[in-house]
2 protein chains.
Amino acid sequence: MLDLNQIIRPTAIIDQRRVLNNIARMSEKAHKSGVRFRPHFKTHQSAVIGNWFRNFGTRCITVSSLDMAMYFAEHGWDDITVAFPVNLREIDKIRDLASRIRLNLLALSPEAVTFLQNELQSPVGLWIKIDSGYRRTGMPWKDTESIVLLAKQIQRQSKTEFCGILTHSGNSYSASSLAEIRTIYAETVHRMQTVRKALTEAGITQCEISIGDTPCCSVVDTFTGVDEVRPGNFVFYDAMQWRLGSCSEADIAMVVACPVVALYPDRHHMVVYGGAVHLSKDFLLMPERRKIFGYVTSLLSGGWGPALPDAQVIALSQEHGIIQLSPEQMAQFRIGDLVAIIPVHSCLAANLHKKYYTLDGEWIPMAQI
Amino acid sequence: MLDLNQIIRPTAIIDQRRVLNNIARMSEKAHKSGVRFRPHFKTHQSAVIGNWFRNFGTRCITVSSLDMAMYFAEHGWDDITVAFPVNLREIDKIRDLASRIRLNLLALSPEAVTFLQNELQSPVGLWIKIDSGYRRTGMPWKDTESIVLLAKQIQRQSKTEFCGILTHSGNSYSASSLAEIRTIYAETVHRMQTVRKALTEAGITQCEISIGDTPCCSVVDTFTGVDEVRPGNFVFYDAMQWRLGSCSEADIAMVVACPVVALYPDRHHMVVYGGAVHLSKDFLLMPERRKIFGYVTSLLSGGWGPALPDAQVIALSQEHGIIQLSPEQMAQFRIGDLVAIIPVHSCLAANLHKKYYTLDGEWIPMAQI
C-alpha cells in the first residue's frame, strides 16, 4: 500500500496493476495479430518496468537514444532498435553496442549508411525510416526510387543488414476522432505496403513493416498489414491520450503526487509544489484557447480517484503548479495535503523524475541518463 | 577552447565570460544601490557557478526547493532563502537545515507559521510573501490587516524571526515594453512600501523589502526603495529575456549544442538531436500564433555566433528538434554537424541537463536533485 508519509515532494506514482493491464492488452493484441511486439521504453525508462514486460513474452524493445540503449543493454536486453535518426557523433557507442547486442538503427540517407559501413566492426540491422505523412523525419513514402536505392546500398554493404521499412504516424496525435485515428492507421499501412511493393518489384523480397504510435496501436482491433508494432506511451497513457480516445481514464497508470502549499479560496486557486520541472510544459488546448497542464484528483493510500470535475492545472512555473477548482472541492484541501495530477504527456513528465513510487509502496528506479 | 569532438549529444554550453559579465553587472548594480544581493541559484543549479559569485562578494543566496538548499548548504553556503511557500511535508529537511545554516523561509499563512513553531528546534527567518500583483502566491498587498497579524505572530514565536516582506513580480514577464517593466518595478516598490508603512504603524519597525524578477532587476538603473534583490535567470538570460528587452543577444550565456541528424532541403527543415527533454517545451509566441522553441546559430570552437535570421526551432518531440531555415543557411549544414540552440527559457533548459560544457573546455557538474 502507498505510504502517504513517504511522499514529501513531487513524486511520480504508478498504479502497477494498470501498467500490467496496459502491457497485457497491447502484447496480446500483437500476439493475436501475429506481429512482433517491440515496445518503446522511452516512456518509462526503467529496467524494473522493463522486466514486467518479460512476463508477457517481450524479448525485443525500442528506445529513442543510444544512452537509453546502453542502459537497457546493461539490464539484459539484447535486441534493441534505436528509433531515432543515426547520430554520427555517437559512433563509439554504436560500435560498442553493435559488438554486444543485436542493434537496429534507422537509415535516412545514403551518407549515414556509408558512414556506418566505414566505421563499424560488427554489423547492425537497418530499417529505412519512411515518412508516411507525419513530415517529421524519414524518406517520403512516394519517393520509392530513392528508397529502393538506399535498400540496395544497405544490402550490398557487409556491415549493414536490411530489416525493412519503419514509420511513426505521429499525425495521429492531432486526430479529432477515433474514426480519424483508424483512417490514419489504414492510410499508413497502405502507404507502407506501396513502398514494400516497389521494393519487392526491385528484387528486395525480405522487407518487414514496422509501425509505432500509441493512438493507432490502441484504437485498432487488430494489427493488419504490418510485421512489428512499437507503441510506448500506452504503458502509462495520460491526459492527452485520454482526450484522443486512445484509452479510458481508468487506464491512466501514472500521476504526479504534489503537496498543497497555498490556498486562495477567494479566487478558487490552490498552489502545489509541482511545476514545469515535475510535469513538463506540454498542455492541452481547451475552448477559448485556454491551456491546461493536467487534471487533478485526490490521492489516498489505495490510489487516486477519478479526475475532479472542473479542477485543472492552469499554470506552471519552475516549481509551482496553479490549480483552479470549485469552492466545494477547495474546501476539502488543507496546506500539507497531497493531490494527484494526471499529466498531459506522461513520457515528458516521467523523464523529469528519478524514480517511481507504486501503489504497492515500492520505489522503482529509473535510468539516470 | 571548446573541443567540438567532445560534444556528441545535446549538451548545455555556457560562455563563462558572459556569465561573469552578467554576475558582475547585477552585483555591481546592487552594491551601488546599497541593497543586499541574494541571487537565485535555481537557474544554474551548480556549486561551481555558485563559487563564481563569491568572487563578486555574494554571501547569501536564494533557491526554490529544500533539496536545492541542501545541495548548496553542502557546498558551503550558510545563508539561504527558500523562495517557495513552506512545504509542511519536508519538515525534516527544514529542521536539519535550520540547525546548520541561517535558513529563511516564506510565510503565507498563520497555519504554516504555527506549524513551524511547533516543529522546529532551531529558529528560521521568515519573510511574509506578498502578492504585489502577479496573483500566483502570497498575501494580497492590500490586505495589510492580515499581514500585520501574521508579522506579529512571527515576532511572538520563539522559533521564527521576522525578516520582512518579499515579492516576485512575475507579471514583468508579460510586459510588452521596457517602459512597462519599469512601471511594474515602480508599482511593486510602491505597493511593498505601502505594506511596510502599515507594519511600521502597527509597531513593527524592522521590516526589509525583497524583490526578485530578472526583467525588473535588469531594466532599472538603480534599486531604489528596496533592501534586497533576488534575480536568477540573468546569469544566463535566454530568448524570452532577449525579446522582453532585459538583455541584449550578446548577454545570452547558455545554448544547447545539438547534432544535426537529418536534412530536408525541399521543405527547408533540419532535424537535430535535441528535443523537449533537452530544451523544455516553453515557447515564444510569434505573429499568427506561431510557436518557436528556440533560435538557431552555428557553433565553432570559439563559441556561438549571432542567431541566424529566420532560423527557428518550430517543433519539438521527446528527442527531436525541427528547425526551419532558409535554403542558403540549409546549404551550410551536413549530417553530423553541430548547431547551437538559444533556449526560450534557460532555467527549464538547464534543469534538463546534468552538466555544462564551457567555452574554455571545462565540464561543470550540476546538482543531481
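Predicted model: local features only at pLDDT ≥ 70, side-chain atom pairs only at ≥ 80, totals over all residues.
As for overall form, the C-alpha trace of chain A spans about 70 × 40 × 35 Å along its principal axes. A compact globule of 369 residues would have a radius of gyration near 21 Å, and because chain A has 22 Å, the two agree. Of those 369 residues, 56% count as buried, and if we take the contacts in chain A with a separation of 6 or more, 65% of them come from residues 24 or more positions apart.

Turning to where the chains touch, the contact takes 36 residues from chain A and 36 residues from chain B. On the chain A side, the elements that give two or more residues include strands β4 (79–85), β11 (254–264) and β12 (269–273), as well as helices α5 (110–119) and α12 (346–351). Sorted by class, that side of chain A has 17 nonpolar, 10 polar and 9 charged residues.

Finally, a helix pair in chain B: α3 (residues 66–74) and α4 (residues 91–100) of chain B pack with their axes 10 Å apart and at an angle of about 30 degrees, which makes α3(B) roughly parallel to α4(B), since angles under 35 degrees count as such. Their crossing is left-handed. Where they meet, α3(B) brings B:L66, B:A69, B:M70 and B:A73, while α4(B) brings B:K93, B:I94, B:L97 and B:R100, so that by class this contact has 6 nonpolar, no polar and 2 charged residues.

Conventions: Residues numbered from 1 in each chain as written. Chains lettered and ligands numbered in written order. Contact = placed C-beta atoms within 7 Å. Helix = DSSP H or I, 4+ residues; strand = E, 2+ residues; numbered from the N terminus. Rg over C-alpha atoms; globule rule 2.2 N^0.38 Å. Buried ≥ 20, exposed ≤ 12 C-beta atoms within 10 Å, placed from the backbone. Axes fitted to C-alpha atoms, helices over the stretch in contact; angles between N-to-C directions. Parallel < 35°, antiparallel > 145°, perpendicular 65-115°, else oblique. Left-handed = near helix turned anticlockwise from the far one by under 90°.
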